[in-house]
Structure formats: C-alpha cells, structure tokens
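Please walk me through this fold. Begin with the sheet, then take the helices and the loops.

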Amino acid sequence: MSRVLIAKLGLDGHDRGVKVVARMLRDAGFEVIYTGLFQTPESVAAAAIDEDVDAIGVSMLSGAHEALMPLVVQRLREQGAESIPVILGGIVPDGDLDAMREAGVAAVLTPGATADEVVAAVRGAIDRSRQTA
C-alpha cells in the first residue's frame, strides 16, 4: 500500500477540498496522512520523511504556489529525499503550469479534476519516481 502525505501549505484555511481528496485516495487503497492547515515547506518535507511516504499532495488555493511549491521540492532535495514526488492541487493558472514542472512538481491538478484523475496522477507520480530510483 502506498503512503501519501496531504498538506495545506501557507495561510490558506480552506480544507474541505483537501479532505475530499484524502477520502478519494483512501477509497483507492492509499494510506493517507493529513498534516492539517498552515504547514510550511519545512514541516511538509520533514513530515514526509518521518512518515516514509511515497508521495506528497499539496493543496493550495491562496495563489502562493509560485513562492511555496519550489521550497517544498528544495527542502526534500536538501534532505536527500528528492525521490518523493510532489503533486500540487488547487487554483493554478495555466500560465504557471510550466513553472511548477520546472520547479520539480510531478503533477498539477486543478479544480474539476475527477477522482479517477486524482488517483491516476498520484499513482503515475509514484510509479515514475520508483522507476528512476
């Protein structure tokens, strides 16, 4: 069973959607660890390493993804955990998608993504990370 850490990064206090995603992943057979609201890049990376997860899912609705997502990836790299894929879900303008990929984000899910798309994105990111490990 794959383990996925789900986090709300930054000052975004809206967590209904991330809880729905956590349920989708649990229903698909993932073990889900939800860290709660107001996480920092450092706390997300540390929790992912401590929990020995296979992937990280970050929910961001605040528009701070350009500032915070590269820091999550950077913190993982600094701690030798760059093989943990990071998936971003939330409000991400199309113009920011390339920047997120360049920052090392494995996948981006925007509003309207179906449960099948969410599960496929997480499974795909985990499979790709295992192939390169």
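What follows is a tour of a predicted model.

Start with the sheet. Five strands form an open sheet in the order β2-β1-β3-β4-β5, with parallel pairing. The edges belong to β2 and β5 (107-109). Each has a single partner strand, so one side of each is left without a neighbour in the sheet. On average, neighbouring strands here are turned by 20° against each other, direction ignored. As background, strands of a sheet pair through backbone hydrogen bonds, either parallel or antiparallel.

Now look at one pair in detail. Strand β1 spans residues 3-8 and runs parallel to β2. Four bridges join β1 to β2. In one of the bridges, Ile6 has Tyr34 of β2 as its partner.

Helices come next. Helix α1 covers residues 16-27 and lies across β1, β2 and β3. Its direction is at about 160° to β2. Helix α3, residues 65-78, also packs on the sheet. There, α3 touches β3 and β4 (86-90). The direction of α3 makes about 160° with that of β4.

Helix α5 deserves a separate look. It runs through residues 115-132, which makes 18 residues.

Which residues of α5 are buried? They are Val118, Val119, Ala121, Val122, Gly124, Ala125, Ile126 and Ser129. An α-helix has 3.6 residues a turn, so residues three or four places apart point the same way. The buried residues of α5 pack against β1, α1, β3, β4 and β5. Those partners include strands of the sheet as well as the helix α1.

Phe38 sits in the loop between β2 (31-34) and α2 (41-50). Its phi is positive, about 60°, although Phe38 is not a glycine. Is Phe38 buried, partly exposed or exposed? Phe38 has 49% relative accessibility and counts as partly exposed, because exposed means over 50%.

At 60% relative accessibility, Asp52 counts as exposed.

Notes:
Residues are numbered from 1 along each chain as its sequence is written. This is a predicted model: local features need pLDDT of at least 70, side-chain atom pairs count only at pLDDT 80 or more; totals for chains, interfaces and linings use all residues. Side-chain values use heavy atoms; hydrogens and water are left out. Helices (H or I, at least four residues) and strands (E, at least two) are DSSP runs, numbered from the N terminus. Buried means under 20% relative accessible area, exposed over 50%, partly exposed in between (1.4 Å probe, protein chains only). Two strands pair if DSSP finds at least two bridges between them. Axes are lines fitted to C-alpha atoms, for helices over the stretch in contact, and angles run from 0 to 180 degrees between N-to-C directions. Contact means heavy atoms within 4.5 Å. The expected span of a helix is 1.5 Å times one less than its number of residues.
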